[in-house]
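Please read them with the coordinates open.

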Amino acid sequence: VLYQTAPALLRTEETAEILGYAMDNQHRFSAATVGGDSIDAAVRRSRLLRDLGEHRALVESRVLAWVPSLIRELRLTSFEPTSIETELVAHEDGAFYQRHLDLFTGDVHGEYPPQDRLISIVCYLNREPKPYQGGELRVFTGLDVANPPLDQYIDIEPRNGMAVAFSSWLIHEVRPVRCPSERFEDARFAINCWVLRERAPRSHGTAPIPARH
Amino acid sequence: MSVITIPAEVMSRQVGDETVILHLTSGNYFSLDPVGTRFWQLLTERKSLTAAREVLLAEYEVSAQQLSSDLDRLLAELAAGGLVNIA
C-alpha cells in the first residue's frame, strides 16, 4: 500500500474555521520554500503559513491518533513519533510543486536534536463548491526512490476535509492548479503535516557511502 | 555465529511484495525482491541469521547451500550500505 486516505480527517465545520483563519492571516503567508529555506518558483509555487494558531492542537491530535494505523497499513518500520511539523499552504492559480520527496537525508540543519520526517500527511481544505481545478496529488509508484518511472503514478483528487498519508520518501508532486477567480479564498488550501522522529545517533559500524542517485 | 542488527537510522517500506530500505543519514537505499523482503521481515522480527535461514529453507524450494550463498551475498551488500550491522 503506497498511501492511505481519511475521507474526513477534519469535519466540514472544522475546515471552515481553518479557512477563516487563513483569510484573516492572508498577509502572513509567504512564498513556499524548497530544500529547507530557498525559494525556487520553477520547482514550487505556492504560499505558506507555518503558524496554524489555535488549530494546531486539533490537527496534531487527529494525526497522532492516525499514526499507529498508518505504520501498520503502509508497512513502515515501526517508530515512536517525537513531534509533528505542520504548515498551511495555499496553491493559487498557476501554483504547483514539482516532483520531490519530503525527506531530508544527510545532515539535518536547524532544530537540535535533528528529526527525520517519516510520514507525510496532506489534509485538504476548500470552499464548496470547489472553486479550483487540478491540484491533484500525484504519487509515483515505482520502487526506485530517486528515479521512479514517470509513467507509473496515481493521481489523488483533493476533497475538502480529506487527508492523504504516505511515507515521506515517496516521490510525489502537486499538479498545476487552475483557479479562475484568482481570489485567495478560492485557492487549493492544504495542511501539510510531517510525523517526525528524533534521529538516532549513528550506529557503530556503519560506513556511509554515496547515495545511488 | 553472526548477529545481524538493523541500525536505528534505517527505515523500510514495503510496496506489494517488494521492499525499499533507506539509510536516513546517508540517503543510501536498496530494493529487495520478494524473497529478500521475507528475509528482511525476519530480521525486523529480531530472528537470528540461523533462524531466518531455517524459515526460508522451509518456505522456498532452494538448497541449503544455494540459500546460504545468496544470503551471504545479500548481507554483504546491505552491510556495505550501512543498512545492517553484522557482529
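1. In chain B, the axes of helix 1 and helix 3 (residues 64–80) come within 12 Å of each other and cross at roughly 70 degrees, where helices (H or I, at least four residues) and strands (E, at least two) are DSSP runs numbered from the N terminus, and where axes are lines fitted to C-alpha atoms, for helices over the stretch in contact, with angles running from 0 to 180 degrees between N-to-C directions. Helix 1 of chain B and helix 3 of chain B are therefore roughly perpendicular to each other (angles under 35 degrees count as roughly parallel, over 145 as roughly antiparallel, 65 to 115 as roughly perpendicular and the rest as oblique).

2. The contact (heavy atoms within 4.5 Å) brings B:Gly36, B:Phe39 and B:Trp40 of helix 1 of chain B against B:Leu71, B:Leu74, B:Leu75 and B:Leu78 of helix 3 of chain B. These residues divide into 6 nonpolar, 1 polar and no charged, with Ala, Val, Leu, Ile, Met, Phe, Trp, Tyr, Cys and Pro counted as nonpolar, Asp, Glu, Lys and Arg as charged, and the others, Gly among them, as polar.

3. This is a predicted model, in which local features need pLDDT of at least 70 and side-chain atom pairs count only at pLDDT 80 or more, whereas totals for chains, interfaces and linings use all residues. Residues are numbered from 1 along each chain as its sequence is written, chains are lettered from A and ligands numbered from 1 in the order in which they are written, and side-chain values use heavy atoms, with hydrogens and water left out.

4. The second largest pocket has a volume of about 670 Å³, and 27 residues line this pocket, with A:Thr77, B:Ile6, B:Trp40, B:Leu43 and B:Thr44 nearest its centre. Helix 1 (34–44) of chain B, strand 1 (4–5) and strand 2 (10–15) of chain B, and helix 2 of chain A each supply at least two lining residues, the largest share, 5 residues, coming from helix 1 of chain B. By class, the lining of the second largest pocket holds 10 nonpolar, 11 polar and 6 charged residues.

5. In chain A, 7 strands form an open antiparallel sheet in the order 1-11-7-14-5-4-2, and its edge strands, each pairing on one side only, are strand 1 (3–6) and strand 2 (30–31); two strands pair if DSSP finds at least two bridges between them. Helix 2 (residues 56–73) of chain A packs on this sheet, touching strands 1, 5, 7, 11 and 14 of chain A, and its direction makes about 110 degrees with that of strand 5 of chain A. Strand 4 (residues 47–49) of chain A is joined to strand 5 (residues 83–91) of chain A by 3 bridges, and A:Leu49 stands opposite A:Leu88.

6. A further open sheet of chain A has 5 antiparallel strands in the order 3-6-12-9-10, with strand 3 (44–45) and strand 10 (153–156) at its edges. Here 4 bridges join strand 9 (residues 137–140) of chain A to strand 10 of chain A, and A:Val139 stands opposite A:Ile154.

7. Two backbone details in chain A deserve a look. The peptide bond from A:Glu128 to A:Pro129 is cis, with omega near -5 degrees, and A:Pro129 is found in the loop between strand 7 and strand 8 (133–134) of chain A. A:Arg75, although not a glycine, has a positive phi of about 55 degrees and is found in the loop between helix 2 and strand 5 of chain A.

Methods:
On a 1 Å grid over the protein atoms alone, a cavity is a set of points where a 1.4 Å probe fits but cannot get out, and a pocket is an open set with protein on both sides within 12 Å along at least five of seven lines; lining residues have an atom within 4 Å of a point. Grid points are joined across faces, edges and corners, and a volume is the space filled by probe spheres set on the points.
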